[in-house]
Amino acid sequence: MNISRRDWQLLSEYIDGELPERKRERLEGRLESERALQDALRKIKHTRRILRATPHLSAPRDFILTPDMIPQRETRTFFPVFKLATALVSILLVAVLVLDFGGSFLPMRGAEYAAPAVQEEALEKAGEVDQTGEKELEPSELPQMEERAEGVEMEKEVEVGEAEEAESLALGEMTETPPATTTVSPTPTVKPPPPTPPPAQVEEGGGLPLIRIVEIILAGLVVLGVIGMVWSRKRRGDAS
Amino acid sequence: MIQDSLDGDLDAFNQIVLEYQNMVYHQAYRVIGEPDAAEDATQEAFLSAYQKLHTYRGGSFKSWLLRIVTNACYDELRRRQRQPVTALKPEDDHGEEIDSPQWMEDPGEKPEETVQRSELSEAIQRCLNELDEKFRSIVVLVDIQGMDYASAAEIVDRPLGTIKSRLARARQSLQECLEGFSELLPVDLRQDIEV
């Protein structure tokens, strides 16, 4: 007579002493009256006895390790490292490229913005000349003023030109008056040259910007990572 | 020896190998059921053990090692599923199966005892081979290697309840199978069945 799978498991735990006390007492009570359960208990005990009698086998040879076995396994760790590092650097490179050509972060722009600022300053200065030096600037003179933004040398020439023109205008208006310094003071017209933009800003636009250097370094790392991946895979292939 | 092995002393680790290789090979053979594959799994297990020695956190070293060899056996069984199955028994140079292989021999016992032991071993192995690997590994750990339920649960990384149910089912299947091999069992074990 067969017993249920549940009863078989109870008997299995019972013979190993793994059954909790309450369950054990209940099972022992059933064992006194149920013959099928007694037969099953005898069978499972016998099966366990046979299994415990299984002859223990000796190793057919020694399994000692030799040094040349060890590095073969260690090389396996390089490939995932290279793979992960290359992936991370590639993501970083893409991010930097997006920032660069996306236009949100550009150190070069500082230099580009510097020229309009100088132009604006020159125009303001031209206005000052108009007010203080009583000189009307012709529209044709504006480009001359704007050209000051191009360089210090050019600005100096314009300044000198302005001073001469202002002086001659003043002389024209003040007839019979010797070119005294009382009526027209050259001071308002010939102002000190505007502060030159910091050389660093201009230099940055001309030299290799920081972001380019970062891009080159990252691209180099990606190439190295790919080489490393190929190398480690080849080594692993050779090892196996 | 373990501490020396952790420091990279391969000779110290090889002392551990020599101490445990019979136990590890026995486990591998009983789970896989084929000598060559068991050898491969044993070697792989020791290599893996050497490389993972830093993960050993104390406790039973035997259990830790059995866990590694059991996993190596699963890997080997999966590999074998993709490849043609080889003969259960080892073969000689002429391709004939060897009834009493060299690794079964014990120089201290009589020839008839060797044969009897070999037959018992073969009968048990044939029945073990009929079990699914997840039942087989547990019954080998508990009934052949003598591990308790908690250790077996730790080794195969399964809950205690799973160990209990799988062990019971494995024993039931083995009991039915071994009845068919009663004539191969030693006399004392055979009498038990006939009672």
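## The interface between chains A and B

In this predicted model, 47 residues of chain B are in contact with 37 residues of chain A. The size of an interface is often given as the accessible area lost when the parts come together. Here chain B and chain A bury about 4200 Å² between them, and 61% of that area lies on carbon and sulfur atoms. On the chain B side, the residues that lose the most area to chain A are Gln43(B), Leu47(B) and Arg171(B), which together account for 13% of what that side buries.

## A helix pair across the interface

Two packed helices are described by the angle between their axes and the distance between the axes.

From α3(A), the contact is made by Lys43(A), Ile44(A), Thr47(A), Arg48(A), Ile50(A) and Leu51(A), while α8(B) contributes Arg171(B), Leu174(B), Gln175(B), Leu178(B) and Glu179(B). By class, the residues of this contact of α3(A) with α8(B) divide into 5 nonpolar, 2 polar and 4 charged. Arg171(B), a member of this contact, is also one of the residues of chain B that lose the most area to chain A.

## A helix pair within chain B

Inside chain B, helix α2 (residues 10-32) packs with helix α6 (residues 133-144) at an angle of about 140°, and their axes are 9 Å apart. That angle makes α2(B) oblique to α6(B), and the crossing of the two helices is right-handed.

On the α2(B) side, His26(B), Gln27(B), Arg30(B), Val31(B) and Ile32(B) meet Arg136(B), Ser137(B), Val140(B), Leu141(B) and Ile144(B) of α6(B). This contact of α2(B) with α6(B) has 5 nonpolar, 3 polar and 2 charged residues.

## Salt bridges

Over all chains, a search of the whole structure finds 14 salt bridges, and the count between chain B and chain A is 3. A salt bridge joins the side chains of Glu13(A) and Lys164(B), with a distance of 3.8 Å from N to O.

Within chain A, Arg24(A) forms a salt bridge with Glu28(A), and their closest N and O atoms are 3.5 Å apart. Both Arg24(A) and Glu28(A) lie in helix α2 of chain A, residues 21-33, where they are 4 residues apart, about one turn of the helix.

Terms used
Residues are numbered from 1 along each chain as its sequence is written. Chains are lettered from A and ligands numbered from 1 in the order in which they are written. This is a predicted model: local features need pLDDT of at least 70, side-chain atom pairs count only at pLDDT 80 or more; totals for chains, interfaces and linings use all residues. Side-chain values use heavy atoms; hydrogens and water are left out. Axes are lines fitted to C-alpha atoms, for helices over the stretch in contact, and angles run from 0 to 180 degrees between N-to-C directions. Angles under 35 degrees count as roughly parallel, over 145 as roughly antiparallel, 65 to 115 as roughly perpendicular and the rest as oblique. A crossing is left-handed if the near helix is turned anticlockwise from the far one by less than a right angle, and right-handed if clockwise. Contact means heavy atoms within 4.5 Å. Ala, Val, Leu, Ile, Met, Phe, Trp, Tyr, Cys and Pro count as nonpolar, Asp, Glu, Lys and Arg as charged, and the others, Gly among them, as polar. Buried area is the accessible area (1.4 Å probe) that two parts lose on being put together, summed over both. A salt bridge is a side-chain nitrogen of Lys or Arg within 4 Å of a carboxyl oxygen of Asp or Glu.
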